[in-house]
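Here's a friendly look at the aromatic rings in a protein model. Take a moment with the structure, then read on.

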Amino acid sequence: MKAAYYALCLCATLVLSSFGSLSAEEDFKTFLHKFTTSASFQYSRIKFPLQSPITLLKDDGETEQTFPFTREKWPLLDEETLREGRITEEEGGIYVSRFVVDEPAHKEFEAGYDESEPSLRVVFDLLDGHWYVTDCYNDWFNFDLPIGELEETLSTIAEENKAFEDLHP
């Protein structure tokens with residue numbers, strides 16, 4: 001009788017622990033809201049340095065130089081930036097923002113003008129039950145940015161991040 005009781009308790013424990021592990025996975029929608037409304041949370045959920053480095057052309061227009069995509073180069077992202085939508089502008093351009101990959105443990109968000117390269121691409125991965133940004137392409141750092149203007153760009157990003165942090169600590 002004790003053996004049957006022990007086996008029943010063991011089975012109940014296993015079933016309850018499996019339910020607990022299923023509910024331990026972070027809901028992406030809840031994560032994304034917190035990610036875009038709290039600077040400290042956003043910084044804590046980015047795996048720096050990101051997978052893809054920043055690549056800029058040197059002044060000769062041919063030689064590439066890469067920099068790790070670190071926290072100091074990260075432009076904080078707000079809810080508007082990561083909102084899905086399709087906006088037709090007065091000039092006729094169509095700005096599209098959407099998740100191009102929407103899997104249970106991997107999501108990719110892209111935004112930019114229709115029929116052109118995305119100006120923003122953010123990769124989210126579920127790691128150990130929590131969502132993280134693991135890679136990003138941001139138009140702040142495209143080939144059109146002269147390497148000599150990198151410091152000025154980083155200064156502008158720091159100013160914008162400070163304004164975001166003041167509103168969303």
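A residue counts as buried under 20% relative accessible area, as exposed over 50%, and as partly exposed in between, using a 1.4 Å probe and protein chains only. Bear in mind that this is a predicted model, where local features need pLDDT of at least 70, side-chain atom pairs count only at pLDDT 80 or more, and totals for chains, interfaces and linings use all residues. Residues are numbered from 1 along each chain as its sequence is written, and side-chain values use heavy atoms, with hydrogens and water left out.

Now for the rings. Rings of Phe, Tyr and Trp (its six-membered ring) pair if their centres lie within 6.5 Å; planes under 30 degrees apart are stacked, over 60 edge-to-face, and the rest tilted. That gives 14 aromatic pairs. Here are two of them:

| Pair | Centre to centre | Plane angle | Type |
|---|---|---|---|
| Phe31 and Phe35 | 5.3 Å | 40° | tilted |
| Phe48 and Trp74 | 6.2 Å | 75° | edge-to-face |

Phe31 and Phe35 sit four residues apart in helix α2 (residues 28-35), about one turn of the helix. Helices here are DSSP runs of H or I with at least four residues, strands are E runs of at least two, and both are numbered from the N terminus. Phe31 has 1% relative accessibility, so it's buried, and Phe35 is buried at 0%.

Phe48 and Trp74 are 26 residues apart and link distant parts of the chain. Phe48 is partly exposed at 26%, while Trp74 is buried at 0%.

Ring pairs also build a cluster, with Phe28, Phe31, Phe35, Phe41, Phe99, Phe109, Phe124 and Trp131 in it.
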